[in-house]
Amino acid sequence: MSFLSSFARVARTLRPAANRRFSSTLATQASRKSYRSLVWGGGFGVAAYLALSSNQVIWHISSMNMFSETLSVDPATSIAFPTTMRIPSNLKLHPLSLIGIGVRTVSFLGVKVYSIGFYADLSNPNLKIPLDLSPEEKIDHIIRNTACVIRIVPTRNTSYTHLRDAFMRAMNARLSTGYKEGTVSEDTAMMVASPLRTLKGLFPNSPLNKHVPLDIFLAAPIPNKQRPLVFRDLGSIESDWLATEFVLNYFDKAGPSPPLKASVFDKIKSFSK
Ligand SMILES: *[C@@H]1O[C@H](CO)[C@@H](O)[C@H](O)[C@H]1NC(C)=O
């Protein structure tokens, strides 16, 4: 897909009628500062458009380059991941580096359902990572402070609703655990209800085919804005808690892929900044 054709695709999606499907309201602070449209195109590349209506900042991500020089292969599934993802943008997004890969296995059947790749922008100047932090602490800091991508690549035909149900279960579990443990306030729990509903509504009742990646982009924090979490081709949510916790979940004790965690922790052990 050429730059121009992806730009045309983006321009088409900016018509108000097309926008409506992808817009969502901010969970918090009856604010007009909402992300008005955010769409990832299909095809070879990914085109996304993020318009911040409040201050006219336009964040334009076009043709996310999946053809990096080198690939890294998940030995469990033979699915390959580019070691770098480039997202051309007028906001100078840095390339994201592949940190680790791992398979998701349905435990009681031993069936490999998808491979997951975790990417992060490690060049972000806001990262302050001493070498002696634990891998868990380093990943927590990275997710909270810089742009990340989770790429999910199914090993067989599956459905978006299947993934949706897993996402919703995981987020509801984190919410109720956090609430019980006092790390999630009542206010946060209330504010998260709306973006959780938006998340649930993002997924179409259609198949997600074997080897077709689902990319989930967590933008770097933007001061005074809720953080967006963008699902390629589907839409986005904006919620500091939900966007961050969605990615943190992959590194939880009960995360979906122990091999992903091991691979990421191993890689990040020797990283400092
Ligand atoms: C998976 O889906 C694709 C596209 O719908 C179809 O062509 C293919 O036959 C399916 N494969 C299996 C194993 O069902």
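Biologist: How many nonpolar, polar and charged residues does the shell around the ligand have?

Modeller: The shell has one nonpolar, two polar and one charged residues. Ala, Val, Leu, Ile, Met, Phe, Trp, Tyr, Cys and Pro count as nonpolar, Asp, Glu, Lys and Arg as charged, and the others, Gly among them, as polar. This is a predicted model, where local features need pLDDT of at least 70, side-chain atom pairs count only at pLDDT 80 or more, and totals for chains, interfaces and linings use all residues. Numbering starts from 1 along each chain as its sequence is written.

Biologist: Which residues are around the ligand?

Modeller: They are N157, P207, N209 and K210; a residue is near a molecule if its C-beta atom, placed from the backbone, lies within 6 Å of it.

Biologist: Why are α4 and α5 called roughly antiparallel?

Modeller: Their axes cross at roughly 175 degrees, and angles over 145 count as roughly antiparallel, so α4 and α5 are roughly antiparallel to each other. Helix α4 covers residues 160–181 and helix α5 residues 186–201.

Biologist: What makes the contact of α4 with α5, by class?

Modeller: Nine nonpolar, no polar and two charged residues. Among them are F167 and M171 of α4 and V192 and L196 of α5; residues are in contact if their C-beta atoms, placed from the backbone, lie within 7 Å.

Biologist: What is the mean pLDDT of the protein chain?

Modeller: The mean is 78, and 73% of residues reach 70 or more; pLDDT is the predictor's confidence in each residue, from 0 to 100. Over residues 1–66 the pLDDT is below 50. Where pLDDT is low, the predicted coordinates should not be read in detail.

How values were computed
Axes are lines fitted to C-alpha atoms, for helices over the stretch in contact, and angles run from 0 to 180 degrees between N-to-C directions. Helices (H or I, at least four residues) and strands (E, at least two) are DSSP runs, numbered from the N terminus. Angles under 35 degrees count as roughly parallel, over 145 as roughly antiparallel, 65 to 115 as roughly perpendicular and the rest as oblique. Two residues are in contact if their C-beta atoms, placed from the backbone, lie within 7 Å.
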